Amino acid sequence: MESIAVWQGVALCGIFSWIVISSYFNVTKKIRSLLQPWVSHHVVTGTPSILKIQKYQHKFWDALFSGLSCVVSVPFYTGFLPLLFWSGHGKLARQMTLLMAFCDYLGNCIKDVVSAPRPSCPPVRRITATKDEEENALEYGLPSSHTLNTSEDACIKLAAVALACLFVGLIGIGRIYLGMHSVIDIIGGLVVGLGILAIWLAVNDYVDGFIVSGPNVTSFWAGLSFLLLFAYPTPELPTPSFEFHTAFTGVALGIVAGVQQTYHQFHHEAVPRIFTPQLTIPAFLGRVLVGIPTILIVKFCSKALAKWILPMVSNTLGIPIKSTSYIPMLNGSAAEKKSSETKQSSYIQKMLIFTRQDVFDVDTGIRFLQYAGLAWSVVDLVPSLFSYLRL
């Protein structure tokens, strides 16, 4: 027990030390100066390859590749993972959630460290069929998050290797066809994805064992999540990547806290699974009809509560704050005049240099608590409702 507590403290102190050291020595800019010119060169020289693929333009390919991109997008996983939890596959669901959070963090870190452009449009034709794709287009290119996430999800299902390889290939080609990525981005996403998968397969059982039966799980994960908000690199220009990272980090905390609290009630390996007499299709549909509205209500309430509490706590502690979208009253604050700063740099500077001139973007805390509350409801509140309603 004592050795585990020491290990947790060492891990958190190590991350904090890295934040201080990397900020002091400006590690992000130094890495960017080495990698960005090389990657940008390959993006430019890869444009003819993209144009060759796009010569086969057809409405069928537009629909197919846009649909495949949606299947491996963050909104899809956000909707799919709760169903996986409620169908009785708790271990797979929580491992996929944590793997996705890890992939999202590392992939977006690399994007914003390198800050490499996407293929130039024009001459490349870019297709953004959904609002999610429009937001993705605002991010940097390398690595391709869709290719990275596809390699994780598909390779877990080792019984269908050929289908998995075909799916990964279609996603990669689709991202090029849609004008969202160059060849170097796809290769980068595949390499990073396979690397993460190799690491995850080696440690996932240890991580899962810690979550369901380890000591100080919630407090350790809360500290880890908090530090990861500061450990995120500052991009060359602001992008939505930090927002995606904040949301998924909140989701991971909510899942871990909820599962650790209710594992023996709702998430152990003997719980009823779908397509068995204990959990029939009608019963599962009943769970969905109860669960989806509930988590949406919790998401709304968590956001409203965070919008009320965080500014009040910040004002009480004398912490200057701003809000880019959630709280209109704070939009006109003096902090908004610091247009050259991004949310990421503001957080890191506030953490490392305690000056009155630096400000928090309170939207980050609101988003984090909102998604943490949503995820907690998926694995704790909603299963409690299922138990009460005998679903």
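Let me start with a definition: buried means under 20% relative accessible area, exposed means over 50%, and partly exposed is in between, with a 1.4 Å probe and protein chains only.

Now the model. It is predicted, so local features need pLDDT of at least 70 and side-chain atom pairs pLDDT 80 or more, while totals for chains, interfaces and linings use all residues. Residues are numbered from 1 along each chain as its sequence is written, and side-chain values use heavy atoms, leaving out hydrogens and water.

First topic: backbone angles. Phe275 is not a glycine, yet its phi is positive, about 70°. Where is Phe275? In the loop between α12 (241-267) and α13 (281-317). Helices here are DSSP runs of H or I, at least four residues, numbered from the N terminus. Phe275 counts as exposed because its relative accessible area is 67%.

Next, Asn216. Its phi is near 55°, again positive in a non-glycine residue. Asn216 sits in the loop between α10 (183-213) and α11 (217-231). Asn216 is at 40% relative accessibility, so it counts as partly exposed.

On to the annotation. The unreviewed UniProt entry marks "transmembrane region" at several stretches, including 6-27 and 283-302. Positions follow the numbering used here, feature names are shortened, and annotations may be inferred rather than shown by experiment. Residues 6-27 are 91% helix and 0% strand, with end C-alpha atoms 28 Å apart. Residues 283-302 are 100% helix and 0% strand, with end C-alpha atoms 28 Å apart.

Notes
Helices (H or I, at least four residues) and strands (E, at least two) are DSSP runs, numbered from the N terminus.
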